[in-house]
Amino acid sequence: MESENSVSHPALSRTVLELPPSGIRRFFDIAAAMQDVVSLGVGEPDFATPWSIREAAIYSIERGQTTYTSNYGLLELRRAISKHLMRLYEVEYNPDTEILVTVGVSEALDLAMRSILDPGDEVIVPEPSYVSYKPCISLAGGQPVVVETKAEDGFAVTVEALEKHCSKKTKAIILGYPSNPTGGCMSAEQLQKIVDFARLKNLFLISDEIYDRLVYEGTHCCVASLPGAYERTLVLNGFSKAYAMTGWRVGYACGPAALISAMMKIHAYTMLCAPTAGQKAALEALNHAENSVREMLEQYNQRRLLIVNGFNEMGLSCHIPKGAFYAFPSIASSGLSSEAFAEKLLYDQRVAVVPGTAFGAAGSSFIRCSYATSLSNINLALERIAVFLAKIRC
Amino acid sequence: MINLSLMISEPTDEILSILSRDARVTAEQIAKMTGRELKEVKAAIEAYEKSGVIKRYKAIIDWEKAGVEKVLAFIDVQVAPAREVGFDKVAFRISRFPEVMSVWLVSGTHDLRVLVQGDNLRELGRFVAEKLSTIEGIRATETHFMMRRYKEDNDLFVDSDEDNRLLVTP
């Protein structure tokens with residue numbers, strides 16, 4: 001941690017000093033120092049990027065396509081994104097003005113917050129949810145307002161809950177479905193109510209749909225495709241999860257031209273453009289990787305059923321995650337807090353999971369277990385967790 | 001709008017695709033992985049085995065790594081097709097030799113492509129000269145010895161990187 005009373009240089013920004021470090025960081029440090037750890041803590045696919053995608057990027061580098069692209073991103077890629085979203089969700093985005101290629105959804109989220117917030121503006125964040133939402137709001141001068149979601153609702157956010165937390169200062173609601181960490185999804189009907197609420201209160205909807213292709217039950221609903229949503233919705237998506245491309249750092253934002261143009265202004269000053277080889281790879285992903293997506297989806301689904309079954313068998317109640325690649329079992333029956341559970345499990349059985357509190361206070365009786373790992377790892381982890389539970393229960 | 005509901009293979013194919021990736025996954029595991037009854041999965045596997053859809057289970061072995069010398073050769077064979085049976089008679093005959101791993105009928109300048117395995121070059125040479133070329137109906141052979149294996153049956157034979165993801169990430 002940086003020290004505020006350092007004598008060697010001037011003090012750092014108070015905003016940054018006050019920003020809490022990620023709850024995941026601490027677990028990483030402990031786990032990294034241990035041997036023979038089975039990790040269910042990884043938030044990225046265990047597959048390598050499909051070869052045809054990697055090959056396309058290598059080819060582009062060979063041909064010397066190593067310059068900047070348009071600030072908005074390669075037009076060819078934006079056109080492919082536009083076609084892709086039309087094909088999947090019948091939502092129409094103009095590739096010239098309504099799509100911005102970013103350095104992952106992470107950058108897109110940051111740009112969005114900086115583009116819509118003035119100091120003191122509030123943004124509603126349903127929790128448990130991804131670790132970056134609140135910090136991005138704070139760094140943009142906004143105020144995160146947490147709305148807790150519950151396992152019995154499948155971690156969907158409800159209008160009743162929003163009502164209680166909406167104020168005159170509320171500017172936007174962040175939606176992250178399919179959800180990291182819960183695997184929860186929201187149906188079109190559920191989302192429509194949120195859209196109607198946002199219209200009534202004149203709010204932006206920032207919808208992080210990075211796990212849209214990893215849905216195992218029902219179909220994914222793109223928020224922007226709902227009646228009344230388009231003009232106030234920013235869809236964030238990318239290539240990391242569906243195409244196993246986390247390290248390439250390519251994502252995109254789609255929304256009303258004025259918002260995209262504002263985001264592009266910041267992006268042009270701070271990032272200039274997303275990596276060119278990555279954009280070429282992303283183009284190949286959209287054009288020729290559908291079979292790979294399907295194959296990975298099938299394997300994730302088998303692991304999902306296996307791990308959820310395993311948790312329920314050992315008495316950790318686990319709601320059925322309909323999307324993403326996380327199980328989010330409740331560890332309430334163990335009598336331990338999620339932090340203590342995760343820490344003891346790591347030291348005692350060398351299984352790394354992420355305590356639910358890393359994703360907000362609403363996650364305090366849960367652990368996040370990623371099944372983006374091999375079947376043998378899942379089996380080994382389940383065995384070790386069962387041994388751990390037997391120990392603490394007697 | 002296209003239907004996105006779980007574009008996943010039929011349940012019957014799913015058992016096969018799991019076993020083709022790893023034949024040691026148990027019926028119990030498969031039942032859990034596919035959300036089906038154990039009885040049902042066991043019955044399906046048995047039916048596959050009986051009907052020959054699943055021919056048998058074996059391990060993929062890197063013999064070189066095991067220190068066992070094996071010589072492989074691809075032999076292209078030109079055949080004079082026979083009345084009524086075409087290439088079948090010769091192909092079946094070739095297939096019965098234990099040295100022969102695979103036999104395919106192919107298009108192009110040759111008719112059959114034969115994969116042969118032996119303990120050493122001399123043994124394989126003798127097989128081609130004494131057994132294969134002398135079969136009635138075989139007009140010519142062309143033998144290609146395998147020098148290095150890169151990938152076989154979807155398994156890479158080059159050492160790949162281990163899982164180098166960080167242990168815990170958001």
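Trp63(B) counts as partly exposed, because its relative accessibility is 32%; buried means under 20% relative accessible area, exposed over 50%, and partly exposed in between (1.4 Å probe, protein chains only). Trp63(B) sits in the loop between α3 (38–51) and β1 (71–79) of chain B. Helices (H or I, at least four residues) and strands (E, at least two) are DSSP runs, numbered from the N terminus.

This is a predicted model, in which local features need pLDDT of at least 70 and side-chain atom pairs count only at pLDDT 80 or more, while totals for chains, interfaces and linings use all residues. Residues are numbered from 1 along each chain as its sequence is written, chains are lettered from A and ligands numbered from 1 in the order in which they are written, and side-chain values use heavy atoms, with hydrogens and water left out.

Now let's turn to chain A. It has 13 helices and twelve strands. The radius of gyration of chain A is 21 Å, close to the 21 Å from the globule rule for 394 residues, so chain A is as compact as a globular protein of that length. That radius is taken over C-alpha atoms, and the rule is 2.2 Å times the number of residues to the power 0.38. Along its principal axes, the C-alpha trace of chain A spans about 65 × 55 × 50 Å.

What share of the 394 residues in chain A is buried? The buried residues make up 58%. In soluble globular proteins, nonpolar side chains tend to be buried together. A nonpolar core is a set of buried Ala, Val, Leu, Ile, Met, Phe, Trp, Tyr and Cys residues joined through side-chain atoms within 4.5 Å. The largest nonpolar core has 90 residues, and Leu234(A) is one of those that touch the most other members. Beyond its neighbours within four places in sequence, Leu234(A) is in contact (heavy atoms within 4.5 Å) with residues including Ala112(A), Ile206(A) and Met263(A). A second, separate core of 32 residues includes Leu88(A) and Ala242(A).

| Residues joined | Omega |
|---|---|
| Glu127(A) and Pro128(A) | about 5° |
| Asn180(A) and Pro181(A) | about 25° |

Pro128(A) lies in the loop between β3 (122–127) and α6 (133–139) of chain A, and Pro181(A) in the loop between β5 (170–175) and α8 (188–201).

Finally, Arg249(A) has a positive phi near 60°, although it is a residue other than glycine. With a relative accessible area of 30%, Arg249(A) is partly exposed.
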